[in-house]
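Open the model in your viewer and keep the selection tool at hand. The tour moves from the whole chain to single side chains.

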Amino acid sequence: LMANSPYLSELKLIYKNAERLLRVINQILDFRKIENQQEKLKIRETEMISFTREVMAYFDSMARNRNINYTFDSGIKDHNLWIDPDQIEKVLVNLLSNAFKFTPDGGCIRVGLDEKDDKLLLTVTDNGTGIRPENLPYIFDRFQTNDSSTGTGIGLHLVSEYVRMHNGEISVQ
C-alpha cells in the first residue's frame, strides 16, 4: 500500500485494533491454560539484566514519543536466574504496559533490579494515576479492572500466576 493512500490512517487503525484483539485472545488462552493447570514451565538459565533491558526496549519509541523519562537502575552487575523467559517476559510487558497506560505524557517510569535477602527484586515504578487504596487488595484477582481502565482484568491475574509458578512473590504499593 502506498504511503499517500487515502486509506492509510484507517488501515493503521484497523491494524492497531487487530493487534490489540490478538493480545486479548492470547491472554484468554494463557488464562485458560493456567486455570486448567496445563501451563508448563520451560525453564532455562537467563541473565536478568540483559533480559530486562531487552524487554524494556519494546517500549523505547513509546517513551520517546510521549516524552516519558524511562529509566533502568540496577544495584547488581549481572544475575543469572532459572526462569521461563516467555512467562517472565509476559510479566514485565504487562507491568510496563500498565505503567505506560496510566502515566501521563512527560511522566516517569523506572524499572529496577536489586538483590534483597537472596532474592531478585524487580520493580516497576511510575508517577501515573495510581490505584485507590481500597482496590489494592484485589488488583491481582481475575477480572478486576481499574475504574478508568478499558482492560479485561486478566493481565495482572496472569502476572501473579506466572510469578507464583516461579515460586516468587508479587506486591503493589
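A contact here means heavy atoms within 4.5 Å. The model is a predicted one. Start with the whole protein selected. Among its contacts with a separation of 6 or more, 72% join residues 24 or more positions apart.

**Whole chain**

Colour by secondary structure. The protein has five helices and five strands. Of the 173 residues, 31% count as buried.

**Stop one: a surface patch**

Select Tyr7, Leu11 and Ile14. Together they make a nonpolar surface patch of about 330 Å². Is Ile14 buried or exposed? Ile14 has 55% relative accessibility, so it counts as exposed; the cut-off for that is over 50%.

**Stop two: aromatic rings**

Hide the surface and show the aromatic side chains. A pair of aromatic rings is described by the distance of the centres and the angle of the planes. Rings pair if their centres lie within 6.5 Å. By this rule the protein has two aromatic pairs.

Select Phe59 and Phe100. Why does this pair count as stacked? The ring centres are 5.3 Å apart and the planes meet at 10°, so the pair is stacked; the cut-off is under 30 degrees.

Phe59 sits in the loop between helix 2 (48-56) and helix 3 (60-65), while Phe100 belongs to helix 4 (residues 85-102), so the pair ties together parts 41 residues apart in sequence.

Check the cover on both. Phe59 has 7% relative accessibility and therefore counts as buried. Phe100 is buried too, with a relative accessible area of 2%.

Which parts of the chain does the pair link? Tyr70 is in strand 2 (residues 69-74) and Phe100 in helix 4, 30 residues apart. Tyr70 and Phe100 are both buried.

**Last view**

Select Phe59, Tyr70 and Phe100 at once. The three form one aromatic cluster.

Notes
Residues are numbered from 1 along each chain as its sequence is written. This is a predicted model: local features need pLDDT of at least 70, side-chain atom pairs count only at pLDDT 80 or more; totals for chains, interfaces and linings use all residues. Side-chain values use heavy atoms; hydrogens and water are left out. Patches are made of residues with over 30% relative accessible area and no salt bridge: like charges are joined within 9 Å, nonpolar side chains (Val, Leu, Ile, Met, Phe, Trp, Tyr) within 5 Å. Accessible areas come from the Shrake-Rupley method with a 1.4 Å probe; for residues, only the protein chains shown count as cover. A salt bridge is a side-chain nitrogen of Lys or Arg within 4 Å of a carboxyl oxygen of Asp or Glu. Buried means under 20% relative accessible area, exposed over 50%, partly exposed in between (1.4 Å probe, protein chains only). Rings of Phe, Tyr and Trp (its six-membered ring) pair if their centres lie within 6.5 Å; planes under 30 degrees apart count as stacked, over 60 as edge-to-face and the rest as tilted. Helices (H or I, at least four residues) and strands (E, at least two) are DSSP runs, numbered from the N terminus.
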